[in-house]
Structure formats: C-alpha cells, structure tokens
Amino acid sequence: MASAAPAPTPAPTPSPASESASRSTARAIAVIGGGPGGLYAAALLKRLDPSRAITVWERNAPHDTFGFGVVLSDETLGGIEHADPVVYAALRDEFVRWDDIDIVHRGTCQTSGGHGFAALGRRRLLDILHGRCRALGVDLRFRTEAPPVAELRATHDLVIAADGVHSRTREAYADAFRPHIEEHRNRYIWLAADFAFDAFRFEIAETEHGVMQLHGYPFSDHESTVIVEMREEVWRAAGFDGPDVRESIEQCAKVFGDALGGRTLRSNNSSWLTFRTVVNDRWSHGNCVLIGDAAHTAHFSIGSGTKLAVEDALALAACLHEQPTTGAALHAYEAERRPVVASTQRAARASLEWFEDLARHLDQPPRQFAFNLLTRSRRVTHDNLRMRDAAFTEAVEREFGCPEGTPPMFTPFRLGGLTLRNRVVVSPMDMYSAVDGVPGDFHLVHLGARALGGAGLVMTEMVCVSPEGRITPGCAGLYTPEQAAAWRRVVEFAHTSAPGTAIGVQLGHSGRKGSTRLMWEGIDQPLPEPADNWPLVAASALRYKPANQLPRELTTDDLAEIREQFSAAAWRAAGAGFDLLELHCAHGYLLSGFLSPLTNRRTDAYGGSLEARMRFPLEVFDAVRAVWPDDRPMTVRISATDWADGGTSGADAVAMARAFAAHGADAIDVSTGQVVADEQPAYGRSYQVPYADRIRAEAGVPVISVGAISSWDDVNSLILAGRTDLCALARPHLYDPHWTLHAAAEQGYSGPGAVWPQPYRAGSRRPRTGRLDAPKPRLSLPG
C-alpha cells in the first residue's frame with residue numbers, strides 16, 4: 001500500500017468580503033464535460049431554477065463514451081427518484097436487474113445471491129440525460145472544446161468541472177486543488193460481449209504468463225460489460241503491450257472462452273489502461289468546483305465511479321438550492337461529500353489491492369476464496385453476507401471448520417503448545433500507571449477485567465526490560481524481583497478467576513522514544529524537569545523529534561548488556577506464569593529501530609542490508625527463546641511499513657517474518673508505523689490487515705492482525721476470509737472490558753469459545769430496555 005496523500009485542507013468558509021462578492025443565485029452556469037455527472041448536475045440546476053442559463057461543453061460526439069455498462073445502487077436511485085422523477089422513471093424502465101455473483105476459479109463456480117444489482121448501457125444513460133437536459137432548456141454543445149476555464153469563470157457565476165480523471169480544469173488550478181494522483185500496478189481494458197451474463201461474474205484464469213481475471217455483468221437483455229485485468233508483468237509477458245490492441249482482445253476472448261461461450265469481444269476504441277486514484281485537497285476554487293472523477297476516483301471493481309458522480313451532482317444542486325451564496329454552497333457541498341467519498345475510496349483501494357495481489361489467494365479452498373473475494377472491500381461483511389445468502393455463508397463456515405452455530409471468531413486456535421479458545425486478543429495497551437516499574441492494583445483490575453471479559457488471549461502493555469528502557473516513568477517493568485512478584489499476582493488472578501483465558505507479556509525497550517511524559521501529559525514530549533530525564537540509546541544517534549533527546553549509538557558491549565536484560569526479563573516472565581511472550585520489534589522502539597532503514601544508519605555488522613539490520617533483533621529473540629519454556633509460544637510484533645518513503649517495504653516485512661519464524665516465532669503480530677515522526681499513515685477500518693494477509697500468505701506463518709478492527713463482524717469476516725488467524729483489539733476493550741462476551745451474546749452464541757465466569761452468567765443475555773416507539777395506530781382515517 002502506498003503512503004497516503006497529505007491530509008486534505010478543509011475548504012475555508014467564505015469571508016464576509018468574499019460572500020459579498022459571490023452573492024448570486026448562480027444563474028449563468030458552465031459545465032465542462034458531458035458525462036453523467038455533468039449532465040445530471042445541469043438538469044437538476046435547471047429544474048430548480050428554469051431562469052438559469054446553463055451550458056454544457058463536451059468535446060466528443062453525443063455517443064462517444066468510455067466503457068459500456070453502468071451499475072447504480074438502490075440508494076443512488078432513491079436519491080434520483082426524489083430529485084427528478086422524470087429521470088428516475090426513464091432509468092427504471094431501462095434497468096436490467098440481477099442478484100447473483102458467480103466466482104469461477106479452477107473449474108468450480110461458487111454462487112452467492114441476494115446482492116441486488118441494477119445496470120443499463122452507458123449510452124442509454126447518456127441518451128436519457130441528453131433528453132432531460134434538452135427538455136429543460138440546457139444548452140448542450142457537443143464536439144466543442146470548452147473555452148479556457150479562466151474565461152468561463154469570468155463570464156459565468158459558476159463553473160462545474162466534470163471533465164473526468166484527466167481533468168484539464170484540475171490541472172489548470174493545480175496549486176489551488178492540490179491533486180494527488182497515483183498510478184496502480186494492474187492493466188485493464190473495457191470491452192463488451194453480445195450476450196447477457198445471468199450474474200455478476202468473476203472468473204480467474206491461471207495462464208502460462210500469470211493470473212488474469214475477468215469482471216463481467218449484463219447491462220441489457222443482450223449485452224454485457226467485460227473487463228479483463230492483470231498485473232503489468234503478466235500483461236507484458238502475454239504480449240498485450242504490442243501496438244495491435246485488436247489482437248490482444250482476440251486473445252482475451254480465447255483465454256476466457258468458457259465464460260464467453262466461445263463468443264467474441266468487441267471494443268469501443270478500447271485501450272489498455274492503468275487505474276489512477278485521484279485525491280484533491282480541495283474541490284473548489286473561487287466559483288469553480290470539481291465533481292466526479294475530476295475530484296476523486298474509485299476503482300471499477302466496486303462499481304462506484306458513475307454512482308459518485310451522480311451523487312456529487314445531487315449534493316451540489318441541493319447545496320446551491322439551500323445556501324444563501326455560491327461560496328457557502330460550494331463549502332457545504334464539499335463538507336457533505338468528502339467523508340462519503342473518502343470512505344468509498346478506502347473501500348475501492350482495498351478492492352483494488354486485493355485484485356492486484358490476487359495470486360496470493362489462489363490456493364485457498366474454493367468457498368473461502370469466494371468469500372474472501374466478496375468481502376475484499378470490507379463493505380460486504382460476514383454478517384451482511386449471511387443476511388444476503390445464509391446458505392452460502394454457512395457452507396463457507398463448514399468448510400472452514402466452524403461447528404454448527406459457532407461464529408468464526410469463536411473457533412479455537414493453537415499456538416505452539418497453547419490452545420486459545422477463540423480468536424480475540426486484547427491488544428497491548430500502555431497504561432502508564434506503574435510506580436517504579438511495579439504493576440499495582442490498577443493493572444490487576446485492568447487486566448483482570450479483560451481476562452474476565454472472554455478474550456482468548458489478554459496481553460500486557462509493553463513491559464520494559466530496564467529502567468532506561470521505559471517510555472515514561474509510569475511504564476511497567478520486569479527487571480526486579482518485586483516487579484516479577486506483582487506480575488505473578490495479576491497472572492494468578494487471570495488463571496484462577498477466568499480459567500481458559502491465556503495471558504501474555506510483551507517485552508520491549510523504548511530506545512530513542514524513551515524518557516517522555518505520560519501520554520495524557522504530552523505524548524512523546526521530554527520530561528519537564530531536565531534532571532528527571534534519563535539518557536537514551538538507539539541503533540543510531542537520531543532524534544525521534546526535534547524536542548526529544550539525542551540518543552547514543554549502542555556499542556557492541558551495550559548490545560550484549562541489552563540482550564542479557566531481555567533474557568533476564570523473559571526468565572522472570574516465565575516464573576510469573578505468563579502463557580505467551582511477545583517480543584516488541586515495532587513502533588520505533590529499540591529493536592524496531594534496528595529493523596528500519598530510516599532509523600538504522602550503522603556501518604558495522606548491525607547496519608546496512610536487511611539481513612544485517614535484523615541481526616540484533618534476532619540475537620535478542622534467540623536469547624529470550626533460550627530461557628522461555630519450550631511449551632509456551634513466542635510471538636513478535638513488527639511494523640510492516642513505516643508509512644514513509646525509503647522505509648520498510650512489504651517485501652522487507654515478509655522477510656522479517658520468515659526470519660523470526662525460522663528462529664522459532666509461533667506467530668507474527670503485524671502492526672505498522674510509529675517509527676518516524678513524519679509518517680503519513682493511510683488510516684481506515686482494518687487498515688493494517690493487508691500487511692498481515694501478505695505475511696500470512698507469503699511467509700506461511702500465523703499472524704495476529706491489529707489496527708481499527710472494531711466490530712465482531714469485522715473479526716468474523718477477517719478470520720473466515722483467511723486474511724488473519726487472530727484479531728487484536730485495543731480501544732474496543734477500553735470501551736467495553738467484556739467486549740468478547742458481549743459479541744457472543746449479540747450473536748446468540750453460548751459455546752466453549754465464550755465462557756461467562758460463574759458470577760456473571762446472569763448477565764449473559766442483553767438486558768431488556770424500555771420501549772422507545774409508541775404503538776402505531778390500527779387505523780388512519782382522513783381528517
């Protein structure tokens with residue numbers, strides 16, 4: 001996954017002076033681009049105010065269009081119905097509808113129903129919108145280049161740039177819109193077939209050149225859209241990069257001959273493309289506004305391009321109707337649409353990357369492969385798919401090994417000699433509440449409550465191996481007998497009061513990120529009293545932030561001492577009775593600092609190549625493994641990307657996982673980032689899971705996924721899709737210590753994967769609540 005674009009700059013609220021200048025009902029409107037978004041915006045604005053003079057410039061002929069079919073959701077159609085019943089009625093009469101998705105792979109077809117698609121031909125959609133615009137009096141100018149946008153802005157109250165992914169308007173005002181454009185790894189081509197698929201069809205072809213995939217769906221009673229997609233290297237190996245696109249289209253028809261029934265494919269001046277993700281920091285500049293692909297793109301595999309453009313048009317027209325000034329309307333439009341678009345783009349990226357890495361999933365069992373494909377964008381989930389097609393979902397569960405009535409998250413999992421009764425982990429969370437490294441009553445209550453809450457594994461916070469290895473003065477340690485005794489008290493409570501719950505310890509050293517204040521007093525800030533700060537050490541003498549201390553580069557004697565500190569802490573952890581030990585090699589702490597090329601600038605045997613950078617973390621791992629009991633598992637947490645240029649790559653993360661597994665790690669806990677202060681993470685729901693998925697598939701080692709996994713539906717989806725083995729959740733367990741037990745109750749599950757403690761069993765069913773709705777009248781009589 002590429003680094004995220006810089007955080008968008010919100011469009012400013014117009015100042016009084018600018019509002020005064022822009023006070024207008026936007027009567028003269030120019031629309032650049034005659035695609036569905038531009039046409040629909042023109043029709044709506046004209047319908048809202050027939051006195052408006054609206055002109056649409058389209059440089060192509062009326063029926064010149066990219067692609068063949070258009071898929072619209074029921075939600076979008078509902079918006080159209082309310083805004084313009086005439087357009088809705090015309091669309092309703094044209095749509096072909098179907099419910100099934102067919103996924104064909106290695107000679108088997110898995111069918112999932114209940115999905116509810118509606119599609120029509122793109123040319124027919126344009127015909128409908130052309131007719132509506134003409135009927136309303138919109139001036140449509142085809143085969144005509146729009147005047148320069150600066151000229152249009154001077155002569156019109158509003159300029160709507162609907163000029164697509166290659167928007168000239170966006171380019172003309174790049175300094176204002178600040179676009180971020182990313183090219184992706186797959187090649188694809190839009191084609192059509194002269195027959196109608198009876199379902200949305202995904203077909204996978206494993207050829208001598210590599211994996212190719214077909215996306216197909218009907219858009220009329222006798223026509224289907226067909227998109228053929230593959231990795232760039234496969235495209236070249238197959239010879240599709242030659243000058244004759246016609247030959248490659250004929251070859252595609254042969255590759256997917258079974259899906260096409262031996263029929264040919266036809267082109268509409270089609271060419272092989274790479275998908276471009278477009279993100280803009282701002283969508284408006286003065287009286288000029290971007291809509292549709294000019295403002296944002298979403299990968300075709302989630303079918304949202306036209307949907308987003310039409311919804312943009314709806315929102316823009318509504319805001320212009322509701323707001324007192326053009327400036328206020330454009331601000332409101334962006335505020336309304338940006339969160340929706342950002343969510344769609346996150347789903348689109350997840351889907352896009354899943355297809356880019358399709359080969360990774362090919363060896364999954366057939367139904368699990370199909371489930372993985374269906375849930376790839378995270379918009380379709382386990383629970384959602386169960387509602388759509390319970391029979392299919394139950395078949396996937398049986399193939400996975402779920403006992404009847406058991407959600408995937410409540411199936412057991414074995415790590416080394418430890419069997420976890422479910423797949424939920426309470427993720428390590430620093431509490432900053434120890435005194436001189438000693439965990440106290442707070443830790444007993446905090447970790448004890450989570451142990452009682454039903455998770456299969458409860459992890460401590462990062463427990464430091466030395467006083468100098470603490471992050472803050474409130475961090476817990478395992479470098480004294482007193483600390484070990486205090487931890488034994490916590491472990492014994494968990495084992496006695498929550499039998500069946502495993503408790504694990506995470507060992508780490510802060511490195512260059514140490515000697516800072518408690519999180520709520522100023523995260524990553526040095527201690528306010530210089531005398532209270534302690535000296536820092538790191539792989540290289542590099543500050544974390546300008547205000548932080550400059551650490552000392554570790555010598556070989558220092559490395560030997562720190563290895564011994566980790567070994568001694570592990571020995572104490574074993575004596576305290578912990579069931580599992582995790583070595584913290586993530587988040588920019590000491591061992592992570594050796595792994596990342598951004599923080600390891602050493603020129604000795606511990607710096608340079610990835611193999612050399614891994615040397616010390618592996619030495620520490622071996623020292624810990626040597627004293628940790630053989631029957632108790634060890635895991636390692638890594639940052640699989642630094643979210644910064646020149647940092648850890650996906651291939652590096654796989655290599656790290658392989659190396660730790662070869663040295664005896666039972667699983668890799670896959671996190672990301674927090675290595676350098678100028679990182680640019682791409683946050684979103686389950687945003688770190690793709691890294692775990694890759695490591696699981698390519699390194700062949702069990703993984704723990706973490707990062708914005710917040711619902712039991714997410715956990716079930718990720719486990720059943722085979723993207724992870726365990727899910728670690730942090731904030732949900734702060735919100736609800738009994739998150740796992742409540743997840744079981746909400747799913748009606750009461751088996752061995754979620755055992756309520758005896759004193760709590762009376763609460764194993766959701767309490768009844770007061771009635772919130774009044775009884776509906778039996779009759780409605782006219783007044």
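How far apart are the end C-alpha atoms of the chain over residues 409-744?

**Figure 1. The stretch of residues 409-744 carries an annotation from UniProt.** In the predicted model, the end C-alpha atoms of this stretch are 9 Å apart. Its chain is 36% helix and 16% strand. An unreviewed UniProt entry annotates residues 409-744 as "domain: NADH:flavin oxidoreductase/NADH oxidase N-terminal".

**Figure 2. A barrel is closed by 8 strands.** The strands follow the order β19-β20-β21-β24-β25-β26-β27-β28, and their pairing is parallel. On average, neighbouring strands of this sheet are turned by 25 degrees against each other, direction ignored. Strands of a sheet pair through backbone hydrogen bonds, either parallel or antiparallel.

**Figure 3. Strands β19 and β20 pair in the parallel sense.** Helix α18 (residues 481-497) lies across β20 and β21 (502-508). The helix runs at about 155 degrees to β21.

**Figure 4. Strands β5 and β6 form a hairpin.** Strand β5 (residues 101-105) and strand β6 (residues 108-112) run antiparallel and are joined by 5 bridges. One of the residues involved is I101, whose bridge partner in β6 is S112. Between the two strands lie 2 residues. In the turn, R106 has a positive phi of about 50 degrees. In a regular strand the side chains alternate between the two faces of the sheet.

**Figure 5. Helix α14 is largely enclosed by the rest of the structure.** This description applies because 7 of the 9 residues of the helix (residues 366-374) are buried. The buried residues of α14 are Q368, F369, A370, F371, N372, L373 and L374. An α-helix has 3.6 residues a turn, so residues three or four places apart point the same way.

Figure 6. The structure holds 0 disulfides. A disulfide is a covalent bond between the sulfur atoms of two cysteines.

Technical notes: Residues numbered from 1 in each chain as written. Predicted model: local features only at pLDDT ≥ 70, side-chain atom pairs only at ≥ 80, totals over all residues. Heavy atoms only, no water. Pairing = 2+ DSSP bridges. Helix = DSSP H or I, 4+ residues; strand = E, 2+ residues; numbered from the N terminus. Buried < 20%, exposed > 50% of the residue type's maximum accessible area, 1.4 Å probe, protein only. Disulfide = S-S within 2.5 Å. Axes fitted to C-alpha atoms, helices over the stretch in contact; angles between N-to-C directions. Contact = heavy atoms within 4.5 Å. UniProt positions renumbered as here; feature names shortened; annotations may be inferred.
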